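Subject: Handing over the structure

Hello,

Please find the structure below. Have it open while you read the notes that follow.

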Amino acid sequence: MTLIPTASPRANINQRRLMRDLNAIGRIGIGDHGAVTRLVFSIKELRSRQLLIHLMRQAGLKIHIDAIGNIFGRLDGREPKAPAVLSGSHLDTVIHGGKYDGPVGVIGALEAVRTINENKIPISSSLEVVCFIGEESSRFGFSTLGSSLVAGEVHPKDLTNAVDPQGTKLEHVLASLGITRRNLTSLKRAPKGLKAYLELHIEQGPILEAKKKRIGLVTSIAAPSRFKVVFSGRADHSGTTPMEMRRDALVASAQLIEYVEKVCRKFSSMEKGRVVGTVGAMKIEPGVINAVPGKTELSIDIRSTTARSKDRVARMVKRRAQEIASARAIGVEILPIREEDPVPLDKRLLRVTQEICDQKGIEYEIMPSGAGHDAMQMAKITPAGMIFIPSMRGISHNPLEWTDPEDIGLGSQLLMETMIRVANE
Ligand SMILES: [Zn+2]
């Protein structure tokens, strides 16, 4: 008869190995001033995924790669047919990003699972390390691509306006991988095969550092409403066109940008449901010094952990765009990019991690996430939880992104202990 120890077995992750692998991934796509660029479906991103596959193989994991390139590395439990506990994140980055947004969650999960394997810690459910493809929206304006497909959450209408700056349509890229509008749910994982999803991630905000806490336990994830506003005025000569005869699309845009800031500031208290809004990109035509701007295209992102506040602000911004356009006698068009609702994370998983922190005397903060993550898609098909570690000065999506290696190690250790408990309960 074999005895399964009931107490959580002691094992420590190897922080040096964790940092070595994290730094190896961080060198792929590195450029000036330490900026890292690994856009979805780029050669750089592919190389980082190849390195991960190599590391997973070394760790003795069984590897499965789906049609779009999501990678799953599996360690079988004592009951291989039981639902699996998944943990991971992404390896793609924004343009000129940092080393830790994403890779911390992938390599942190790999370190957790290989420590469990090396120490022969008994686990009932299988464990899987996951790398989702295309979490960042920098290329197509479409975030959490890989996890959305795994959750069966990509809808044909989501693809309509997903185009990269070179004009490549996401829909065509997917079709070339065998994922057509008709079989968008072909990569969906059956919920009955999943027990939980856990994600370790840097906070990307200043709260943990300010409160001197090393761990954040996430309650919910804010979700964006994203849309484009296109103002169509008239391109005229900048010298010969009198001010009163102009149809300047850029001045209209400036008014709208200011309005986004103003209205979001009104929703800055937590009680109302804090809303943040950003006009992060704009195209100007013709975009030359000697012409009145005839056409502009603004990309707007509005987020909150409260769906009602987010939707209200999005509606106000769209209405204001119409008013500005009619007052200036120019055209306006509103093109939806993606509408998502804020996602609550699993309370029971949060409690498990909280108990482990209490037992170990780790100070933690219970907090929402303002940024989107793969966990928000996975939460639609399985209980999902997230562990945050501090970001220096809250800086992220920037080469200055930095987290203390001790905190990365602690996050991976906590993730491992949570995975063991969840897999065995
Ligand atoms: Zn991320």
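Start with G134. Find this glycine in the loop between β4 and α4 (145–150). This is a predicted model, so bear that in mind throughout. Is G134 buried or exposed? G134 has 29 other C-beta atoms within 10 Å, and the cut-off for buried is 20 or more, so G134 is buried. What does G134 touch, beyond its neighbours within four places in sequence? Its contacts are V40, D92, L145 and G146. Now look from G134 to E258. The two are 124 residues apart in sequence. In space, their C-alpha atoms are 31 Å apart.

Next, the confidence. The mean pLDDT of the protein chain is 94. A value of 70 or more is reached by 97% of its residues. One stretch to treat separately is residues 1–7, where the pLDDT is below 50. Beyond near neighbours in sequence, that stretch has two contacts in the model.

Now the whole chain. The protein chain has 12 helices and 13 strands. Its C-alpha trace spans about 90 × 45 × 40 Å along the principal axes. How does the radius of gyration fit a compact globule? For 425 residues, such a globule would have a value near 22 Å, and the protein chain has 23 Å, so the two agree. Buried residues make up 49% of the 425. Then take the contacts between residues at least 6 apart in sequence: 78% of them join residues at least 24 apart.

Helix α1 covers residues 15–26, and helix α3 covers residues 103–118. They pack at an angle of about 145°. Their axes are 10 Å apart. The crossing of α1 past α3 is right-handed. Which residues meet there? From α1 come R17, L18, D21, L22, I25 and G26. From α3 come P103, V104, I107, G108 and E111. Sorted by class, this contact has six nonpolar, two polar and three charged residues.

Phi of F41 is near 65°, a positive value in a residue other than glycine. F41 sits in the loop between α1 and α2 (43–58).

Look for K120 in the loop between α3 and β4 (127–132). Is K120 buried or exposed? K120 has 9 C-beta neighbours inside 10 Å, and exposed means 12 or fewer, so K120 is exposed.

There is also a cis peptide bond. This bond runs from E285 to P286, with omega near -5°. P286 is in the loop between β8 (275–285) and β9 (295–304).

R328 lies in the loop between α9 (307–327) and β10 (331–339). R328 has 18 C-beta neighbours inside 10 Å, so this arginine counts as partly exposed. Which residues does R328 contact, leaving aside neighbours within four places in sequence? They are R247 and A252. R328 and D248 are 80 residues apart along the chain. Their C-alpha atoms are separated by 8.2 Å.

R351 is in helix α10, which covers residues 347–360. R351 has 12 other C-beta atoms within 10 Å, and 12 or fewer means exposed, so R351 is exposed. How far is R351 from G385? In sequence, they are 34 residues apart. From C-alpha to C-alpha, the distance is 9.9 Å.

Please go through each of these places in the viewer.

Best wishes

Note on methods
Residues numbered from 1 in each chain as written. Predicted model: local features only at pLDDT ≥ 70, side-chain atom pairs only at ≥ 80, totals over all residues. pLDDT = per-residue confidence, 0-100. Contact = placed C-beta atoms within 7 Å. Helix = DSSP H or I, 4+ residues; strand = E, 2+ residues; numbered from the N terminus. Rg over C-alpha atoms; globule rule 2.2 N^0.38 Å. Axes fitted to C-alpha atoms, helices over the stretch in contact; angles between N-to-C directions. Left-handed = near helix turned anticlockwise from the far one by under 90°. Nonpolar A, V, L, I, M, F, W, Y, C, P; charged D, E, K, R; others polar.
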